[in-house]
Amino acid sequence: MQDLNPLAIELNEQIRDATPEVYKLLSELGKRVFLPKGILSQSAEANAKADRFNATRAVAFENDEIMQLNVSRQLVPELSPENIFGYAPILGNTELRQAWKTHHQKENPLLAETTFNLPIVTSGMTHGFSLLADLFVNKGDTLILPNKIWGNYRLIFQTKARADVQTYPFFNTEKRFDIIGFSKTLSNISADKLLILLNFPHNPTGYAVTRVEAQQITDAIVACADTGCSILVMVDDAYAGFWYDAEVMQESIFGPLVGCHPNVIPVKIDGATKEEYAWGLRVGFLTFALPDKAMQGIEGKLSGLIRAETSGAAQISQTLILEAMKAPGYTEQKQRNYEILKARALKVKQVTADARYANLWEVYPSHAGYFICLCLKSGNAEKARQTLLNESGIGTIALSETELRVAYSCLEETDIEPVFRLIAQVIESQKSR
Ligand SMILES: Cc1ncc(COP(=O)(O)O)c(C=O)c1O
């Protein structure tokens, strides 16, 4: 085995001294990785001192401005060339990171009583998960997921990182979060390291937890941590903010998890993807709540991983998000979009619960996010999907033999009734075939 680089050893010691629980969670790659001193540190030194000629950066300059093609420059005339074409720092634009931290504080009152670190920018949330897999997952480590998930988790953690995925039923018989199933799965764990991934608002069902459920989940995790197990809890908050039901908790479960137990290390994964209506800009964030010294070590590790993978998220994407967050009208525009999505959510709830459809499907509880999921009482979801697509031009997602996911976020409110009428007709016609 290759010797550890002294810089990796330094980071490992920094993390181990500050939080041995985090050190215990690091993967082999996590222990090995570091950011080499070299071009980046020499450039940083030159940025501070080279006041005549700075010939360090691998970019091109002309008349003291980053060189550019006017054909692309003229498409974004209001942004400075550096903020469009220059490289962003590896961990992201500092002002954007600060703005996102302020956003967390505003949207998550429970975080007011805690301290958490400056978010790290990733190239979309998927990249954030992939970084966590690199940093924390060894082949065979146990990852606890519910039996209904966003499929990419399996690709990242099972196929790529080779975690041992164990599932619990997402719903109990009352169609609430199955806290007993979740707790049982945790109590069967005998390993001293565990990974858990939580996602509310939930893809694919739109389920969100109440404050009581959030506390029960936290308590179950704490009980597991009490046995000496170190636990990384990944909180996927892709759909944070899209809560439409007053009964559910209107903030992230990251809040209750922060500081709940020394062995529990929560990390919040979220992004501009859904929250800022910027799916393809690829701006995500990773937020930890660690002591400063441990966080410096983790930042060093993540800098090394990001440097080796993407070398940083796109500058123009970060600039667009930051400038939007500072712009007049930002809050009003977000509120407007939220109201539109909420109206669709309420309409979908009303339409799908219509007594006419009661013999066709059961609707999983949906309080938030983009989706509603129908559990068909007869027929086959994949066949229904194909018929809807080929005969009516309606696209849906078949999740299993009986489950059909509809992203109502993509439907105008007036289209909701006709779409579900057609879905009902197709399921009805399967019965008579
Ligand atoms: C639950 C969930 N998490 C994460 C993501 C991915 O976000 P990104 O596009 O930023 O990688 C999605 C995208 O659909 C999602 O549904």
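The legends below describe close-up views of one predicted model. Residues are numbered from 1 along each chain as its sequence is written. In this predicted model, local features need pLDDT of at least 70 and side-chain atom pairs count only at pLDDT 80 or more, while totals for chains, interfaces and linings use all residues.

**View 1**
Domain 1 gives 17 residues to the contact, and domain 2 gives 17 residues. Two residues are in contact if their C-beta atoms, placed from the backbone, lie within 7 Å. On the side of domain 1 that touches domain 2, eleven residues are nonpolar, four are polar and two are charged. In this classification, Ala, Val, Leu, Ile, Met, Phe, Trp, Tyr, Cys and Pro count as nonpolar, Asp, Glu, Lys and Arg as charged, and the others, Gly among them, as polar.

**View 1. The surroundings of the ligand.**
Which residues surround the ligand? They are Gly124, Met125, Thr126, Trp150, Asn199, Asn203, Asp236, Ala238, Gly271, Thr273, Trp279 and Gly284. A residue is near a molecule or strand if its C-beta atom, placed from the backbone, lies within 6 Å of it. The shell around the ligand has four nonpolar, seven polar and one charged residues.

**View 2. Helices H8 and H9.**
Two packed helices are described by the angle between their axes and the distance between the axes. Helix H8 (residues 125–136) and helix H9 (residues 152–160) have axes that come within 10 Å and cross at roughly 25°. Helices (H or I, at least four residues) and strands (E, at least two) are DSSP runs, numbered from the N terminus. Axes are lines fitted to C-alpha atoms, for helices over the stretch in contact, and angles run from 0 to 180 degrees between N-to-C directions. H8 and H9 are therefore roughly parallel to each other; angles under 35 degrees count as roughly parallel, over 145 as roughly antiparallel, 65 to 115 as roughly perpendicular and the rest as oblique. The crossing of H8 and H9 is right-handed. A crossing is left-handed if the near helix is turned anticlockwise from the far one by less than a right angle, and right-handed if clockwise. Thr126, Phe129, Ser130 and Ala133 of H8 make the contact with Asn152, Ile156, Phe157 and Lys160 of H9. This contact of H8 with H9 has four nonpolar, three polar and one charged residues.

**View 3. Helices H10 and H11.**
The axes of helix H10 (residues 179–187) and helix H11 (residues 211–226) cross at roughly 15° and come within 9 Å. H10 is therefore roughly parallel to H11. The crossing in which H10 passes H11 is right-handed. From H10, Ile179, Phe182, Ser183 and Leu186 meet Glu213, Gln216, Ile217, Ala220 and Cys224 in H11. By class, six residues of this contact are nonpolar, two are polar and one is charged.

**View 4. Helices H1 and H14.**
Helix H1 (residues 6–18) and helix H14 (residues 292–309) have axes that cross at roughly 150° and come within 8 Å. The crossing of H1 and H14 is left-handed. H1 contributes Leu11, Gln14, Ile15, Asp17 and Ala18 to the contact, and H14 contributes Lys293, Ala294, Gln296, Gly297, Ile298, Gly300 and Lys301.

**View 5. Particular backbone features in loops.**
The peptide bond from Phe200 to Pro201 is cis, with omega near -10°. Another cis peptide bond joins Asn203 and Pro204, where omega is about 20°. Pro201 is found in the loop between strand E6 (193–199) and H11, and Pro204 is found in the loop between E6 and H11.
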